[in-house]
Amino acid sequence: MILTTKDTKYSWIKIADNEADIDFNANGFAEADIGIRKVCLIKIGDEIKACSALCPHAGASLLKNGSIDHQGNITCCVHNYSYNIHSGRDRLNEGYYLKIFPVLQNDQGVFVGI
Ligand code: FES
């Protein structure tokens, strides 16, 4: 489903009717299919963030290998690269960039913007 909003910057893809329908794992990660690709959903407090499902370093699944720390850094345990959840940049400034997607939650559902 593509939601039409006044925000024409993104097309909003509905991924769930509500947050309770998302099956987050013990690390607070879940995966969703937005048609052109899969995204990784991350539960941080009351917020849901979304990023590419694969680590930009060597392509490992963040659903299986990701964790998030209290500063909002996503770490992939395969080679321990970390990415800022807001900027997507790797913390060592080696040029790896994790694609971050906007998330919209309202009474119509949970949406990822592309
Ligand atoms: S594949 Fe994720 S850190 Fe290397």
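**Confidence**

I started with pLDDT, the predictor's confidence in each residue from 0 to 100: the protein averages 92, and 94% of its residues reach 70 or more. This is a predicted model, so I note that local features need pLDDT of at least 70, side-chain atom pairs count only at pLDDT 80 or more, and totals for chains, interfaces and linings use all residues. Numbering runs from 1 along each chain as its sequence is written.

Strand β1 (residues 2-3) has the lowest mean pLDDT, 52, and helix α1 (residues 62-65) the highest, 97. My elements are DSSP runs numbered from the N terminus, helices being H or I of at least four residues and strands E of at least two.

**The four-stranded sheet**

I traced an open sheet of 4 strands in the order β3-β4-β5-β9, with antiparallel pairing. Two strands pair here if DSSP finds at least two bridges between them. Since β3 and β9 each have a single partner strand, they stand at the edges, so one side of each is left without a neighbour in the sheet.

I then walked along the β4-β5 pair, which 6 bridges join. V39 stands opposite S52, and K43 has I48 as its bridge partner. The two strands make a hairpin with 2 residues between them, and G45 in the turn has a positive phi of about 60°. On to β5 and strand β9 (residues 100-101): they run antiparallel, joined by 2 bridges, and A50 faces F101 there.

I also checked I36, which sits in the loop between β3 and β4. Is I36 buried or exposed? I36 counts as exposed, because it has 8 C-beta neighbours inside 10 Å. My cut-offs, with C-beta atoms placed from the backbone, are 20 or more other C-beta atoms within 10 Å of a residue's own for buried, 12 or fewer for exposed, and partly exposed in between. From I36 to D46 is 10 residues along the chain, and their C-alpha atoms are separated by 27 Å.

**The core**

Which residues touch the most other members of the largest nonpolar core? They are V39 and C40, in a core of 27 residues. By nonpolar core I mean a set of buried Ala, Val, Leu, Ile, Met, Phe, Trp, Tyr and Cys residues joined through C-beta atoms within 7 Å. Strands that each supply at least two residues of this core include β2 (12-16), β3 (29-33), β4 (38-44), β5 (47-52) and β11 (109-113). β4 gives the most, with 4 residues.

I listed the contacts of V39 (C-beta atoms, placed from the backbone, within 7 Å). Leaving aside neighbours within four places in sequence, V39 is in contact with A32, I34, A50, C51, S52, A53, F101 and V112.

**The three-stranded sheet**

A further open sheet has 3 strands, ordered β6-β7-β8 and paired antiparallel. β6 (66-68) and β8 are its edge strands, each pairing on one side only. Neighbouring strands are turned by 25° against each other on average, direction ignored; axes are lines fitted to C-alpha atoms, for helices over the stretch in contact, and angles run from 0 to 180 degrees between N-to-C directions.

β6 and β7 are joined by 3 bridges, with S67 partnered by T75. β7 and β8 pair over 4 bridges, with N73 opposite N84. Their hairpin has 4 residues between the strands, and N80 takes a positive phi near 65°.

How values were computed
Contact = placed C-beta atoms within 7 Å.
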